Structure formats: C-alpha cells, structure tokens
Amino acid sequence: MKALIRHILLAVALLMVSLPVCAQKDVESYRFDAGVGVGMSGYLGDASVNLFGHPGIAANVGMRYLFDSRWAAKAQISMATLSGNTADMDNVLPGFAEYKFNSTVYDLGITGEANFFAYGMGETYKRLRRWTPFLSLGVGVTVAATEGGGTSAAFNIPMGVGVKFKTSRRVNLHVQFTMTKVFGDHVDSSELSDLYQIKSSFFKNTDWYSQLTFGFSYEFGPRCVTCNRID
C-alpha cells in the first residue's frame, strides 16, 4: 500500500510539471482538484445492525479530474477503523455464540461525481454557484486487516452524497457521507463469516461500511481561455 501511494504521488507531480502555463488573467477554471478528508466510520454486518453503534476513524486523500462545472472523476485512497460486537445485537446466533472484532480497512477506488448545480466562481454567464449538493458512485477494492488474524481483499461499490462549498476560486470545503458495499464477508474477520449459516444473502453474507468526512481541496492545472471570435 505504501508503494502504491508513492507511485500515485509521483504521477501527480509529473502531471503538474507537464501542465500548460497560462497568465492569471487568462485563467477561466481549473482541470484538477486534490484534497484530504477526515471523519467518522461505521460498520454494518454480522456483528452489528447499528451503523454508528461502534464509530471509528476515517481519513482519505484523493484527486479529481474536473470535466466541467457539473461532472468530475475522482481517484481516492482511504483508511477506516471498524469494530463490532454481537453481544450488542438483539439477534441470537446459532449456539448462542458471541463474537467481537476490530479491523482496519484500506480502500482504493475510482468514482464519478455529479453536481446538482453548475459549480464554480466567476464566469457569470454560466450561472455558477459557490455551493452544490452532489452524488457519487464508483468501484474499488477493499483490503481489510483484522486484529488477531488475517488479511482479506474484495471488490466494492462506494455510493455517496455530499455538499461542496467554494471559499475562493481554488479552495473548496466539502462534507460527504459514503456507504460502501463490499463483495465479501471478511471485513469483520473470517471467524464471523456466515454466522447465520445462510448460503446466499445480499445483506447477511456481505459487509458494509460508511465514512462521514469533512475536508478541503485545492484546484490546479489552469484551463486557458480560448477565444473563438473572428473579426
């Protein structure tokens, strides 16, 4: 994971060096956005039916490509701590068994973002707004390291909703809630796999986790104004 992060940062640095340079007065908007977020994580699975019953810590770093004022694609690496205890549940497990776990999940994913409003500052003819709600949907991979035993990996689908606000032309604040479905049942350790002895169940034999994060981002890579006027 550390090697992967180093390669991503190197790619970002090379990208910044290769960007065209525009005079400040010719800058209309920016093509890239990089930022970080921190907040709270939650878990939903065999050892918890209350998403925020055992809150953990979440953090992420990511970069967006801004197609225009409404659409963006984002690559992100995130980390979250998860925990649960079947003793807190009303459900009775086979054999009256009780389990608890602590794990750390690392998530690498790509998502698409859709803004409700045209988002930005300046360019009044585009009717831009300094704030907008947004939706996100993507694909990724979750790697889970469970305390006391084992590491697992599985594909996931992150689904999110949030709000962005521009404090200046380049700086953005955001709050986002993301719910991630993992196509596997080992985020909470292999010991908790199939506790209910159900062969196939969308909810019982797969794990979910959430991240509620607050963060900021900075835009770079200016788009030069293109004049198509013919005198």
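Select Arg64 and Glu113 to begin: the two form a salt bridge, with 2.9 Å between their closest N and O atoms (a salt bridge being a side-chain nitrogen of Lys or Arg within 4 Å of a carboxyl oxygen of Asp or Glu). This pair links distant parts of the chain, Arg64 in strand S2 and Glu113 in strand S4, 49 residues apart. Strands here are DSSP runs (E, at least two residues), numbered from the N terminus. The model is a predicted one, in which local features need pLDDT of at least 70 and side-chain atom pairs count only at pLDDT 80 or more, while totals for chains, interfaces and linings use all residues. Residues are numbered from 1 along each chain as its sequence is written, and side-chain values use heavy atoms, with hydrogens and water left out.

Next, select Lys166 and Glu219, which form a salt bridge with closest N and O atoms 2.6 Å apart. Lys166 lies in strand S6 (residues 151–166) and Glu219 in strand S8 (residues 207–224), so the pair ties together parts 53 residues apart in sequence. Lys166 counts as buried at 3% relative accessibility, and so does Glu219 at 7%. The structure holds four salt bridges.

**The cavities**

Two cavities of 30 Å³ or more are counted; on a 1 Å grid over the protein atoms alone, a cavity is a set of points where a 1.4 Å probe fits but cannot get out, and its lining residues have an atom within 4 Å of a point. Grid points are joined across faces, edges and corners, and a volume is the space filled by probe spheres set on the points.

The largest cavity holds about 230 Å³ of space. Of its 19 lining residues, Gln76, Thr111, Pro158, Gln176 and Thr178 lie nearest its centre. S3, S4, S6, strand S7 (171–182) and S8 each give two or more residues to this lining, and S4 provides the largest share, six residues.

For the second largest cavity, of about 50 Å³, select Asp33, Gly35, Val36, Gly37, Asn60, Gly62, Met63, Arg64, Lys74, His174 and Ser217, which line it. S1 and S2 are the elements that give two or more residues to this lining.

**The nonpolar core**

Finally, select Tyr43, Ala47, Ala58, Ala80, Leu82, Phe101, Val105, Ala144, Ala154, Val182, Val187 and Tyr209, the twelve residues of the largest nonpolar core. Such a core is a set of buried Ala, Val, Leu, Ile, Met, Phe, Trp, Tyr and Cys residues joined through side-chain atoms within 4.5 Å. Strand S3 (71–85) and strand S4 (100–115) each supply at least two of its residues. Centre the view on Ala80: neighbours within four places in sequence aside, Ala80 is in contact with Ser41, Ile57, Ala58, Ser103, Thr104 and Val105 (contact meaning heavy atoms within 4.5 Å).

Methods
Buried means under 20% relative accessible area, exposed over 50%, partly exposed in between (1.4 Å probe, protein chains only). Helices (H or I, at least four residues) and strands (E, at least two) are DSSP runs, numbered from the N terminus. On a 1 Å grid over the protein atoms alone, a cavity is a set of points where a 1.4 Å probe fits but cannot get out, and a pocket is an open set with protein on both sides within 12 Å along at least five of seven lines; lining residues have an atom within 4 Å of a point.
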